[in-house]
Amino acid sequence: MKMDDIARIANVSRSAVSLALNGKDGVSEETRAKIFKVIDEYNYKPLRKNKKSGHQELANVNLLAIKSSGLISNNYRSLPFFDSLISSLSERISSSGGTLQINTIDAATLKQSLKDLPISSGSTGTIVLATDLTESQVRLIQSELDNVVFIDTYYHNIKADFVTMDNYQGAFDAGMFMLEKGYKKIGYVASDKLVSNFKMRRQGFKDALETQNLEISNQNFYTVSPTELNPRGLNIHQIIDQNAPEAIFCEDDYIATRLIKGCLNAGINIPTDLGIMGFDDIYEGTLLTPELTTVHVPIQQITNQTIRQLQGQVFEKEWAHQKTLISTSVIIRGSL
(Lines give C-alpha, C1' and ligand atoms only; values in the text may rest on other atoms or scores of the structure.)
Protein backbone atom coordinates (compact mmCIF):
# COMPACT_ATOMS: atom_id res chain seq x y z
CA MET A 1 0.00 0.00 0.00
CA LYS A 2 1.22 3.48 -0.91
CA MET A 3 0.31 7.00 0.15
CA ASP A 4 -1.82 7.35 -2.98
CA ASP A 5 -3.87 4.34 -1.85
CA ILE A 6 -4.36 5.86 1.62
CA ALA A 7 -5.50 9.12 0.03
CA ARG A 8 -7.94 7.32 -2.30
CA ILE A 9 -9.50 5.19 0.46
CA ALA A 10 -9.76 8.12 2.90
CA ASN A 11 -11.04 10.37 0.09
CA VAL A 12 -8.45 13.06 0.78
CA SER A 13 -5.51 14.53 -1.14
CA ARG A 14 -2.07 12.94 -1.15
CA SER A 15 -0.64 16.10 0.41
CA ALA A 16 -3.11 15.75 3.32
CA VAL A 17 -1.78 12.24 3.95
CA SER A 18 1.80 13.52 3.86
CA LEU A 19 1.02 16.32 6.33
CA ALA A 20 -0.73 13.92 8.70
CA LEU A 21 2.08 11.36 8.59
CA ASN A 22 4.71 13.99 9.37
CA GLY A 23 2.67 15.55 12.21
CA LYS A 24 2.41 18.92 10.48
CA ASP A 25 -0.37 21.53 10.47
CA GLY A 26 -2.58 22.00 7.42
CA VAL A 27 -5.19 19.28 7.95
CA SER A 28 -8.18 19.29 10.26
CA GLU A 29 -8.43 16.90 13.19
CA GLU A 30 -11.35 15.21 11.45
CA THR A 31 -9.27 14.59 8.30
CA ARG A 32 -6.27 13.48 10.36
CA ALA A 33 -8.45 10.97 12.25
CA LYS A 34 -9.87 9.65 8.97
CA ILE A 35 -6.36 9.13 7.55
CA PHE A 36 -5.10 7.31 10.64
CA LYS A 37 -8.18 5.11 10.71
CA VAL A 38 -7.26 3.87 7.23
CA ILE A 39 -3.61 3.51 8.23
CA ASP A 40 -4.55 1.37 11.22
CA GLU A 41 -7.06 -0.71 9.27
CA TYR A 42 -4.57 -1.57 6.52
CA ASN A 43 -1.51 -1.74 8.80
CA TYR A 44 0.29 0.79 6.60
CA LYS A 45 4.00 1.34 7.38
CA PRO A 46 5.63 4.18 5.42
CA LEU A 47 9.06 3.07 4.22
CA ARG A 48 11.94 5.10 2.90
CA LYS A 49 14.91 3.85 0.98
CA ASN A 50 18.42 5.10 1.55
CA LYS A 51 19.48 6.46 -1.84
CA LYS A 52 23.09 5.39 -1.33
CA SER A 53 22.60 1.89 0.04
CA GLY A 54 19.14 1.04 -1.27
CA HIS A 55 18.24 -0.22 2.22
CA GLN A 56 14.84 0.42 3.75
CA GLU A 57 14.87 3.17 6.35
CA LEU A 58 12.52 3.91 9.22
CA ALA A 59 10.11 6.73 8.43
CA ASN A 60 8.34 7.84 11.61
CA VAL A 61 9.79 6.67 14.92
CA ASN A 62 8.38 7.31 18.38
CA LEU A 63 10.73 8.02 21.28
CA LEU A 64 8.97 7.21 24.52
CA ALA A 65 10.28 8.64 27.81
CA ILE A 66 8.57 7.56 31.02
CA LYS A 67 8.74 10.01 33.91
CA SER A 68 9.39 8.68 37.40
CA SER A 69 11.05 9.69 40.65
CA GLY A 70 14.37 8.42 39.25
CA LEU A 71 16.52 9.89 36.49
CA ILE A 72 13.77 10.49 33.92
CA SER A 73 11.99 13.35 35.67
CA ASN A 74 10.41 16.54 34.34
CA ASN A 75 13.79 18.10 33.50
CA TYR A 76 15.49 15.03 31.99
CA ARG A 77 16.01 16.81 28.63
CA SER A 78 18.20 19.38 30.39
CA LEU A 79 20.65 16.69 31.53
CA PRO A 80 23.66 16.49 29.18
CA PHE A 81 23.69 12.69 28.77
CA PHE A 82 20.02 12.41 27.78
CA ASP A 83 20.17 15.53 25.63
CA SER A 84 23.10 14.08 23.68
CA LEU A 85 21.36 10.72 23.29
CA ILE A 86 18.09 12.22 22.04
CA SER A 87 19.86 14.66 19.71
CA SER A 88 21.89 11.80 18.24
CA LEU A 89 18.76 9.72 17.64
CA SER A 90 16.97 12.65 16.02
CA GLU A 91 19.90 13.40 13.71
CA ARG A 92 20.30 9.76 12.71
CA ILE A 93 16.62 9.33 11.82
CA SER A 94 16.24 12.69 10.06
CA SER A 95 19.39 12.04 8.00
CA SER A 96 17.50 9.31 6.14
CA GLY A 97 14.35 11.40 5.73
CA GLY A 98 12.49 10.17 8.79
CA THR A 99 11.04 11.97 11.80
CA LEU A 100 11.36 11.37 15.54
CA GLN A 101 8.24 11.97 17.60
CA ILE A 102 8.96 12.40 21.34
CA ASN A 103 6.28 11.35 23.82
CA THR A 104 6.63 11.70 27.59
CA ILE A 105 4.26 9.86 29.91
CA ASP A 106 4.05 9.24 33.65
CA ALA A 107 5.05 5.92 35.17
CA ALA A 108 2.20 6.18 37.68
CA THR A 109 -0.37 5.95 34.86
CA LEU A 110 1.70 3.83 32.49
CA LYS A 111 -0.94 1.32 31.41
CA GLN A 112 -3.57 3.89 30.48
CA SER A 113 -1.03 6.31 29.02
CA LEU A 114 0.24 3.60 26.66
CA LYS A 115 -3.29 3.08 25.37
CA ASP A 116 -3.71 6.82 24.86
CA LEU A 117 -0.45 7.32 22.97
CA PRO A 118 -0.74 8.69 19.41
CA ILE A 119 1.31 5.69 18.20
CA SER A 120 -0.93 5.23 15.16
CA SER A 121 0.61 8.22 13.35
CA GLY A 122 2.26 6.10 10.67
CA SER A 123 4.97 4.95 13.06
CA THR A 124 7.31 2.12 12.13
CA GLY A 125 8.47 1.54 15.69
CA THR A 126 9.16 2.86 19.16
CA ILE A 127 12.40 3.54 21.03
CA VAL A 128 11.89 3.53 24.80
CA LEU A 129 14.23 5.47 27.05
CA ALA A 130 14.21 2.75 29.68
CA THR A 131 16.72 4.04 32.26
CA ASP A 132 14.30 3.87 35.20
CA LEU A 133 12.03 1.03 34.05
CA THR A 134 11.32 -2.00 36.19
CA GLU A 135 11.00 -5.49 34.77
CA SER A 136 7.20 -5.38 35.02
CA GLN A 137 7.07 -2.02 33.23
CA VAL A 138 9.21 -3.34 30.37
CA ARG A 139 6.87 -6.34 30.02
CA LEU A 140 3.81 -4.07 30.04
CA ILE A 141 5.22 -1.90 27.26
CA GLN A 142 6.01 -5.02 25.24
CA SER A 143 2.42 -6.19 25.56
CA GLU A 144 1.00 -2.86 24.39
CA LEU A 145 3.38 -1.81 21.60
CA ASP A 146 4.81 -3.48 18.50
CA ASN A 147 8.41 -3.05 17.29
CA VAL A 148 10.09 -1.73 20.44
CA VAL A 149 13.75 -1.23 21.35
CA PHE A 150 14.65 -0.35 24.94
CA ILE A 151 17.76 1.78 25.44
CA ASP A 152 19.90 2.57 28.49
CA THR A 153 19.03 -0.60 30.44
CA TYR A 154 18.43 -4.31 29.95
CA TYR A 155 17.11 -7.38 31.74
CA HIS A 156 18.66 -10.83 31.37
CA ASN A 157 15.34 -12.64 31.72
CA ILE A 158 13.24 -10.67 29.23
CA LYS A 159 13.15 -11.60 25.55
CA ALA A 160 13.25 -8.14 23.98
CA ASP A 161 15.55 -5.77 22.11
CA PHE A 162 17.86 -3.81 24.44
CA VAL A 163 20.77 -1.49 23.67
CA THR A 164 22.89 -0.01 26.45
CA MET A 165 26.45 0.69 27.51
CA ASP A 166 28.32 -2.10 29.28
CA ASN A 167 28.04 -0.61 32.76
CA TYR A 168 29.77 -3.51 34.49
CA GLN A 169 32.79 -3.43 32.16
CA GLY A 170 33.08 0.36 32.35
CA ALA A 171 33.11 0.44 36.15
CA PHE A 172 35.43 -2.58 36.33
CA ASP A 173 37.91 -0.80 34.04
CA ALA A 174 37.59 2.34 36.15
CA GLY A 175 38.40 0.38 39.29
CA MET A 176 41.41 -1.29 37.66
CA PHE A 177 42.67 2.09 36.43
CA MET A 178 42.51 3.53 39.95
CA LEU A 179 44.39 0.51 41.28
CA GLU A 180 47.04 0.90 38.58
CA LYS A 181 47.48 4.53 39.67
CA GLY A 182 48.45 3.18 43.09
CA TYR A 183 45.35 4.10 45.08
CA LYS A 184 44.51 1.73 47.93
CA LYS A 185 42.07 3.68 50.06
CA ILE A 186 39.23 4.35 47.65
CA GLY A 187 35.85 5.95 48.25
CA TYR A 188 32.62 5.57 46.29
CA VAL A 189 29.85 8.12 45.77
CA ALA A 190 26.69 6.30 44.72
CA SER A 191 23.36 7.44 43.39
CA ASP A 192 20.55 7.59 45.92
CA LYS A 193 18.29 6.32 43.14
CA LEU A 194 19.20 2.71 42.42
CA VAL A 195 18.52 1.74 38.81
CA SER A 196 19.85 -1.20 36.80
CA ASN A 197 22.76 0.81 35.33
CA PHE A 198 24.05 1.83 38.74
CA LYS A 199 23.69 -1.68 40.13
CA MET A 200 25.96 -2.98 37.37
CA ARG A 201 28.49 -0.17 37.90
CA ARG A 202 28.57 -0.91 41.61
CA GLN A 203 29.22 -4.60 41.01
CA GLY A 204 31.89 -3.99 38.36
CA PHE A 205 33.82 -1.58 40.56
CA LYS A 206 33.56 -3.90 43.58
CA ASP A 207 34.89 -6.83 41.55
CA ALA A 208 37.84 -4.75 40.32
CA LEU A 209 38.91 -3.90 43.87
CA GLU A 210 38.58 -7.53 44.89
CA THR A 211 41.36 -8.44 42.43
CA GLN A 212 43.71 -6.86 45.01
CA ASN A 213 41.69 -7.97 48.05
CA LEU A 214 40.45 -4.42 48.63
CA GLU A 215 36.99 -3.15 49.45
CA ILE A 216 35.29 0.17 50.14
CA SER A 217 34.73 0.78 53.84
CA ASN A 218 31.33 1.93 55.06
CA GLN A 219 32.92 5.24 56.10
CA ASN A 220 33.97 5.90 52.50
CA PHE A 221 30.68 4.99 50.83
CA TYR A 222 28.41 7.99 50.23
CA THR A 223 25.05 8.54 48.47
CA VAL A 224 23.81 11.69 46.72
CA SER A 225 21.44 12.73 43.92
CA PRO A 226 22.68 11.38 40.55
CA THR A 227 21.51 14.37 38.48
CA GLU A 228 22.35 17.44 40.57
CA LEU A 229 25.22 19.60 39.29
CA ASN A 230 25.09 22.31 41.96
CA PRO A 231 27.56 21.61 44.81
CA ARG A 232 25.24 23.06 47.45
CA GLY A 233 24.04 20.42 49.90
CA LEU A 234 27.02 18.12 49.31
CA ASN A 235 28.90 17.76 52.59
CA ILE A 236 32.53 17.89 51.46
CA HIS A 237 33.84 17.88 55.00
CA GLN A 238 32.00 14.64 55.73
CA ILE A 239 34.22 13.12 53.03
CA ILE A 240 37.50 14.92 53.73
CA ASP A 241 37.56 15.33 57.50
CA GLN A 242 36.61 11.81 58.55
CA ASN A 243 39.00 9.05 57.55
CA ALA A 244 39.28 10.55 54.07
CA PRO A 245 39.95 8.30 51.05
CA GLU A 246 42.81 8.96 48.62
CA ALA A 247 40.51 8.89 45.61
CA ILE A 248 36.79 8.59 44.89
CA PHE A 249 34.86 6.93 42.09
CA CYS A 250 31.53 8.61 41.34
CA GLU A 251 28.68 6.61 39.82
CA ASP A 252 28.09 9.25 37.15
CA ASP A 253 29.62 12.50 35.92
CA TYR A 254 26.92 14.68 37.49
CA ILE A 255 28.05 13.46 40.91
CA ALA A 256 31.73 13.84 40.00
CA THR A 257 31.21 17.38 38.66
CA ARG A 258 29.36 18.35 41.81
CA LEU A 259 32.11 16.86 43.97
CA ILE A 260 34.91 18.70 42.15
CA LYS A 261 33.06 22.02 42.45
CA GLY A 262 32.51 21.42 46.15
CA CYS A 263 36.17 20.57 46.70
CA LEU A 264 37.34 23.68 44.88
CA ASN A 265 34.97 25.83 46.95
CA ALA A 266 36.42 24.26 50.10
CA GLY A 267 40.05 24.80 49.03
CA ILE A 268 40.72 21.09 48.46
CA ASN A 269 43.26 20.46 45.69
CA ILE A 270 42.27 17.98 42.98
CA PRO A 271 43.99 15.52 42.49
CA THR A 272 46.72 16.19 45.09
CA ASP A 273 44.40 16.03 48.11
CA LEU A 274 41.74 13.86 46.50
CA GLY A 275 41.53 12.08 43.16
CA ILE A 276 38.10 12.01 41.49
CA MET A 277 36.75 9.88 38.63
CA GLY A 278 33.30 9.79 37.01
CA PHE A 279 31.29 7.81 34.46
CA ASP A 280 29.49 8.93 31.22
CA ASP A 281 31.92 11.52 29.78
CA ILE A 282 29.48 14.42 29.57
CA TYR A 283 30.80 17.59 27.93
CA GLU A 284 30.57 19.56 31.18
CA GLY A 285 33.38 17.43 32.61
CA THR A 286 35.83 19.10 30.20
CA LEU A 287 34.90 22.58 31.47
CA LEU A 288 36.18 21.90 34.98
CA THR A 289 39.64 22.65 36.32
CA PRO A 290 41.07 20.07 36.42
CA GLU A 291 39.12 18.27 33.71
CA LEU A 292 37.31 15.14 34.78
CA THR A 293 38.80 11.67 34.34
CA THR A 294 35.86 9.47 33.41
CA VAL A 295 34.43 6.54 31.46
CA HIS A 296 33.42 7.37 27.89
CA VAL A 297 30.06 6.12 26.58
CA PRO A 298 29.89 5.95 22.72
CA ILE A 299 26.46 7.53 22.24
CA GLN A 300 26.68 7.53 18.45
CA GLN A 301 27.26 3.78 18.41
CA ILE A 302 24.35 3.25 20.80
CA THR A 303 22.19 5.31 18.44
CA ASN A 304 23.25 3.39 15.33
CA GLN A 305 22.74 0.02 16.99
CA THR A 306 19.30 1.04 18.28
CA ILE A 307 18.19 1.98 14.77
CA ARG A 308 19.67 -1.24 13.37
CA GLN A 309 17.70 -3.37 15.83
CA LEU A 310 14.48 -1.45 15.20
CA GLN A 311 14.98 -1.91 11.46
CA GLY A 312 15.45 -5.62 12.08
CA GLN A 313 12.12 -5.88 13.86
CA VAL A 314 10.28 -3.89 11.19
CA PHE A 315 11.81 -5.27 8.01
CA GLU A 316 13.15 -8.78 8.77
CA LYS A 317 10.63 -11.60 9.17
CA GLU A 318 13.02 -13.88 11.04
CA TRP A 319 14.39 -11.22 13.39
CA ALA A 320 15.35 -12.61 16.83
CA HIS A 321 15.39 -10.27 19.81
CA GLN A 322 18.87 -8.98 20.61
CA LYS A 323 20.53 -7.60 23.75
CA THR A 324 23.49 -5.36 22.90
CA LEU A 325 26.09 -4.08 25.35
CA ILE A 326 28.29 -1.32 23.91
CA SER A 327 31.80 -1.25 25.38
CA THR A 328 33.11 1.84 27.14
CA SER A 329 36.62 3.25 27.61
CA VAL A 330 38.53 5.14 30.30
CA ILE A 331 39.28 8.78 29.44
CA ILE A 332 42.32 10.07 31.35
CA ARG A 333 42.29 13.76 32.25
CA GLY A 334 43.50 15.80 35.20
CA SER A 335 41.22 14.91 38.12
CA LEU A 336 42.89 11.56 38.92
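Student: How many cavities of 30 Å³ or more does the structure hold?

Tutor: Rolling a probe the size of a water molecule over the atoms shows where empty space is left. On a 1 Å grid over the protein atoms alone, a cavity is a set of points where a 1.4 Å probe fits but cannot get out, and here there is one cavity of 30 Å³ or more. This is a predicted model, in which local features need pLDDT of at least 70 and side-chain atom pairs count only at pLDDT 80 or more, while totals for chains, interfaces and linings use all residues. Residues are numbered from 1 along each chain as its sequence is written, and side-chain values use heavy atoms, with hydrogens and water left out.

Student: What lines the largest cavity?

Tutor: Lining residues have an atom within 4 Å of a point, and the largest cavity has 16 of them, with Leu-71, Phe-81, Phe-82, Phe-198 and Asp-280 nearest its centre. Helix H4 (80-94) and helix H8 (196-210) are the elements that give two or more residues to this lining, where helices are DSSP runs (H or I, at least four residues) numbered from the N terminus. The space in the largest cavity is about 120 Å³, a volume being the space filled by probe spheres set on the points, which are joined across faces, edges and corners.

Student: Which element gives the most to that lining?

Tutor: H8 does, with three residues. This helix has 15 residues and reaches 21 Å from its first C-alpha to its last, close to the 21 Å expected at 1.5 Å a residue, the expected span being 1.5 Å times one less than the number of residues.

Student: Which residues of H8 are buried?

Tutor: Buried means under 20% relative accessible area, exposed over 50%, and partly exposed in between (1.4 Å probe, protein chains only). The buried residues of H8 are Ser-196, Asn-197, Phe-198, Arg-201, Gly-204, Phe-205, Asp-207, Ala-208 and Leu-209, and Phe-198 is also one of the residues nearest the centre of the largest cavity.

Student: What lines the second largest pocket?

Tutor: A pocket is an open set of points with protein on both sides within 12 Å along at least five of seven lines. The second largest pocket has about 260 Å³ of space and a lining of 13 residues, with Arg-202, Lys-206, Glu-215, Ile-216 and Phe-221 nearest its centre. H8 supplies the largest share of that lining, seven residues.
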